[in-house]
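Hi,

Here is the structure I said I would pass on.

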Amino acid sequence: MNLLWGLLIAVAFTATTVTAMLLVRRTAPVGGYFSDGDRAAGVFGVLATGFSVLLGFIIFLAFQSYDDSRAGAATEATIVAQMTQTAQFLPSEVSRQLTGELVCYARSVAGAEWDAVDAGTFGNAINPWGARMFLTIRSVQPATATEQSAYDRWMDETTQRQEARDARLHSAEGIIPVPLWIALVLLSLALFVFMLFFADSGERALTQGVLMGSVTVVITVLMMLVVFFNHPHGTGIGTLRPTEMQRTLGLMETQLQVVGVTADPPCDERGVAR
C-alpha cells in the first residue's frame, strides 16, 4: 500500500470518528450514557481483547504468507541460476536452446509476469517459458554419464523451481477469506458504536476527541497492515519486487561470459516471445 494513501486513509477515518464522537457529545448527559463506568469499561475490554486477538492472529498468518512469498522469489531466482550451469552439461543440440529459454523465463518473471501479479490480472496463468523448457528437455536422450547426471539434476531443479514459484505466487490473489473480512468489519463497527456511548458532555471536547481518535488510529493502522500483507505486491514501501530475479539475470550473463557460451534468447527484455 502506498504510504501517502495509507496516511490519508488513517486521517480520514480518524476525522470521521472524532467528528461523530463530538456530535454525540453535544447531547450526551454529564457522566456519559453509562451509569456504571467500571462495568462498561469491562465490557469494552472484552470487545477490544477479542478484536485484538483475532486481528493479531490474522496479521501473524498474513506476515507468514508474505515471508513465504519473499523466500519463494529468492529461492526461485537461485534455482534458475543453478539451472543455467546444469544446462551446459546437457547435449550440445539442446544446451544453448535451454539456456536461451532460461533467460527468457527469468525476464518473464521479472517483467511481464510480475507486472500482471501487481495489477491483479495474473490469475492461474502459467509461465510459457516453463512449458517451452519442458518440451525442449523432453526430446533429450543422454548419451554419457555426465549428460545423464545433468539430465537428472535438471529434472530435480525443475521441481524445486516450480515449488518456489508456487510459494512466490501464493499471496498473489489474497490469502484472507471473505468471512474474516466481514468479521473484522463488524467488530470494528461494534467497537466504534460502543465508544460513542462514552460520550460525555461534562468532559472537554479535546479529551473526547483524543479518546475516540486514539482508538481509531490503532484499529485503522492494524487493518491497513492486514490489507498490505494480503496483497504484498506493488510499488509501495515494503512491497515484494523482482529484485532477486533481476540480480540473477545479471549473474547468468556473467556465468555465460565466463564459460564462453553465447545465448540467443527468443524473447524481448520483458520475456515476451518474439
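This is a predicted model: local features need pLDDT of at least 70, side-chain atom pairs count only at pLDDT 80 or more; totals for chains, interfaces and linings use all residues.

Below is what turned up when I went through it.

Let's start with the disulfide. A search of the whole structure turns up one, formed by Cys-104 and Cys-267 with their sulfur atoms 2.2 Å apart. The torsion about the S-S bond is about -100°, so this disulfide is left-handed. It links distant parts of the chain: Cys-104 sits in helix H3 (residues 92-119), while Cys-267 is in the segment after helix H8 (243-259), 163 residues apart. Cys-104 is buried at 0% relative accessibility, and Cys-267 is buried with 0% too.

Next, the aromatics. The whole structure has 12 aromatic pairs. In one of them, the ring centres of Tyr-33 and Phe-197 are 5.8 Å apart and the planes are at 70°, so the pair is edge-to-face. Tyr-33 is in the loop between helix H1 (3-27) and H2, and Phe-197 is in the loop between helix H6 (178-196) and helix H7 (205-230). Phe-34 and Phe-198 also pair up, this time tilted, at 5.3 Å centre to centre and 55° between the planes. Phe-34 lies in the H1-H2 loop and Phe-198 in the H6-H7 loop, so this pair ties together parts 164 residues apart in sequence.

Two last spots to look at. Arg-161 lies over the face of Tyr-105, 4.7 Å from the ring centre. Thr-86, in helix H2 (residues 37-87), is buried at 8% relative accessibility. Beyond its sequence neighbours within four places, Thr-86 contacts Ala-150, Arg-153, Trp-154 and Glu-157.

Cheers

Note on methods: Residues are numbered from 1 along each chain as its sequence is written. Side-chain values use heavy atoms; hydrogens and water are left out. Helices (H or I, at least four residues) and strands (E, at least two) are DSSP runs, numbered from the N terminus. Buried means under 20% relative accessible area, exposed over 50%, partly exposed in between (1.4 Å probe, protein chains only). Contact means heavy atoms within 4.5 Å. A disulfide is a pair of cysteine sulfur atoms within 2.5 Å. Rings of Phe, Tyr and Trp (its six-membered ring) pair if their centres lie within 6.5 Å; planes under 30 degrees apart count as stacked, over 60 as edge-to-face and the rest as tilted. A charge sits over a ring if NZ of Lys or CZ of Arg is within 6 Å of the ring centre and within 35 degrees of the ring normal.
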